[in-house]
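Here is a friendly briefing on how charged side chains pair up. Take a look at the model first, then read on.

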Amino acid sequence: MYEKLVAYASKQLEIDAAEITRESTFESLGIDSLDVVEMVMDLENELGIELEMEDQKITTFQELADFVESKLN
């Protein structure tokens, strides 16, 4: 899932994949909350699941990958 998120950010948000690490925060890469919402919506559509993130404090790519994987299991 982490690799899928990196590929998405690289393509859709035009961020160099080499700049993204598991610990990279969205803020440090210039990804705002709207970008995160769009990324989650795209994931929901692609994976056919609903990701309720209202109570989640997710700030890094790894945290988002872990959260999505937990919803898939």
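The whole structure holds 2 salt bridges, a salt bridge being a side-chain nitrogen of Lys or Arg within 4 Å of a carboxyl oxygen of Asp or Glu. Side chains of opposite charge can pair when their charged atoms come close. This is a predicted model, where local features need pLDDT of at least 70 and side-chain atom pairs count only at pLDDT 80 or more, while totals for chains, interfaces and linings use all residues. Residues are numbered from 1 along each chain as its sequence is written, and side-chain values use heavy atoms, leaving out hydrogens and water.

**Arg22 and its partners**
- Arg22 forms a salt bridge with Glu3, and their closest N and O atoms are 3.6 Å apart.
- This pair links distant parts of the chain, 19 residues apart: Arg22 is in the loop between α1 (2-12) and α2 (33-47), and Glu3 is in helix α1. (Helices are DSSP runs of H or I with at least four residues, numbered from the N terminus.)
- Arg22 is partly exposed at 35% relative accessibility, whereas Glu3 is exposed at 52%. (Buried means under 20% relative accessible area, exposed over 50%, and partly exposed in between, with a 1.4 Å probe and protein chains only.)
- The charged end of Arg22 also sits over the ring of Tyr2, 4.0 Å from its centre. (This needs NZ of Lys or CZ of Arg within 6 Å of the ring centre and within 35 degrees of the ring normal.)

**Glu46 and Lys4**
- Glu46 and Lys4 meet through their side chains in a salt bridge, 2.5 Å from N to O.
- Here too the pair links distant parts of the chain, with Glu46 in helix α2 and Lys4 in helix α1, 42 residues apart.
- Glu46 counts as exposed at 52% relative accessibility, and Lys4 as partly exposed at 35%.

Terms used
Helices (H or I, at least four residues) and strands (E, at least two) are DSSP runs, numbered from the N terminus.
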